[in-house]
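Hi everyone, thanks for making the time.

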Amino acid sequence: MQHKLLLPAVAALLLAACGGGVRDDGPPGSARIPDLPPDPVPRPEARSKYGNGPVYEVLGKRYTVMPSSTGYRERGVASWYGKKFHGNLTSNREVYDMYEMTAAHKTLPLPTYVRVRNLRNDRSIVVRVNDRGPFVHNRIIDLSYAAAMKLDMIRDGTGLVEVTAINFEEPARDRPTRRVSPAEAAPSPQATTREHRIFVQVGAFGDRANAERRLALLSASGIANGFIHEDRSTEPALHRVRIGPVANVIQYDILVEELENIGIADPYLIAD
């Protein structure tokens, strides 16, 4: 991607073409696609000398690099980038290889290891973030071609994902250790026979009347398929306002814009 290292005029031209998950951005039809690599083994690494800000600007927008990846977890849209940037320098001045398990993120420290889970099919991978991007609205991570292949994202170009940073304890001499939750320690599925339905949650209320007011706001704004899910796993019960199911990223993008227009920010993706 090399977003930070290019001259501003050149960067603007390239950024307009990347970071959105272009379907034709794979290998040429005559090329032999290498075997997909294994996921990288997370290990503690020093922050890169390049690409870590602390503040940088792209296309007139300023971004602040996180001081730490600890606790980072986000759900949203992943895109991917491939042959158009293959062989170019990444933001931390490594060479981008579309067949390696890497990714670009706007604000995580470089490098950071993250687990990316496809909410639709539950496939899960680990990638090493070594680049900046995607600089497209409503996109949270840009995956390498190989990473997108392993998540089954190539055909659609984008996917709804959960991204979780992998954090470390102090290394024991030269043997790195990592802090994991029980869920993270479990083997990650590489395939599933069942696709999940995905919903967008726009509020959770203890008082059902507040949930009904939020639902009425959605209806009055022309946003259909809203409903109240009563969650009795908590005490007292929570009334969660959800929309869906959402069929694809295009529908999600439209919905996010509609929600922003009525003042609802940061909708949360739910996979059943």
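Let me begin with a term we will need: a salt bridge here is a side-chain nitrogen of Lys or Arg within 4 Å of a carboxyl oxygen of Asp or Glu. With that in hand, take Glu230 and Arg232, which form a salt bridge with their closest N and O atoms 2.7 Å apart.

Now the housekeeping. What you see is a predicted model, where local features need pLDDT of at least 70 and side-chain atom pairs count only at pLDDT 80 or more, while totals for chains, interfaces and linings use all residues. Residues are numbered from 1 along each chain as its sequence is written, and side-chain values use heavy atoms, with hydrogens and water left out.

Two more terms, and then we can look around. Buried means under 20% relative accessible area, exposed means over 50%, and partly exposed is in between, with a 1.4 Å probe and protein chains only; the areas come from the Shrake-Rupley method, and for residues only the protein chains shown count as cover. Helices (H or I, at least four residues) and strands (E, at least two) are DSSP runs, numbered from the N terminus.

Back to our pair, then. Glu230 is partly exposed at 34% relative accessibility, whereas Arg232 counts as exposed at 65%.

Let's move to strand β6, residues 124-131. How many of its residues are buried? Eight of eight, so to speak: the strand is mostly covered. Which strands does β6 pair with? Two strands pair if DSSP finds at least two bridges between them. Strand β4, residues 102-104, is joined to β6 by three bridges, and these two run parallel. Within that pairing, Ala104 has Asp131 of β6 as its bridge partner. Strand β5, residues 112-118, is joined to β6 by six bridges, and here the direction is antiparallel. Tyr113 stands opposite Arg128 in β6.

Please keep Arg128 in view. Its side chain meets that of Glu94 in a salt bridge, 2.8 Å from N to O. Why does this pair deserve a look? Glu94 lies in the loop between β3 and β4 and Arg128 in strand β6, so the pair ties together parts that are 34 residues apart in sequence. Arg128 is buried, with a relative accessible area of 14%, while Glu94 counts as partly exposed at 27%.

How many salt bridges are there by this rule? The count comes to 12. Another one brings together the side chains of Arg240 and Asp231, at 3.0 Å from N to O. Both ends are covered: Arg240 is buried at 17% relative accessible area, and Asp231 is buried at 13%. There is a network, too: salt bridges that share partners join Arg75, Arg117, Asp122 and Glu162.

Asp122 brings us to the backbone. β5 and β6 form a hairpin with five residues between them, and Asp122 sits in the turn. Asp122 has a positive phi of about 70 degrees although it is not a glycine, and at 23% relative accessibility it counts as partly exposed. Most residues other than glycine have a negative phi, and most peptide bonds are trans. Arg93 has a positive phi as well, near 70 degrees. Arg93 lies in the loop between β3 (73-81) and β4 and is partly exposed, with a relative accessible area of 43%.

And where are the cis peptide bonds? One joins Leu110 and Pro111, with omega about -10 degrees; Pro111 is in the loop between β4 and β5. Another joins Glu235 and Pro236, with omega about 0 degrees, and Pro236 lies in the loop between β10 (226-231) and β11 (238-243).

Last stop, the surface. Which residues gather in a patch of negative charge? They are Glu74, Glu257, Glu258, Glu260 and Asp266. Patches are made of residues with over 30% relative accessible area and no salt bridge, with like charges joined within 9 Å and nonpolar side chains (Val, Leu, Ile, Met, Phe, Trp, Tyr) within 5 Å. Asp and Glu count as negative, and the charge is placed at CG of Asp or CD of Glu. Helix α5, residues 249-261, gives the most to this patch, with three residues. Glu257 is in that helix and is partly exposed, at 49% relative accessible area.

That's my tour, and I'm happy to go back to any spot you like.

How values were computed: Areas by Shrake-Rupley, 256 points an atom, 1.4 Å probe, with all protein chains shown as cover.
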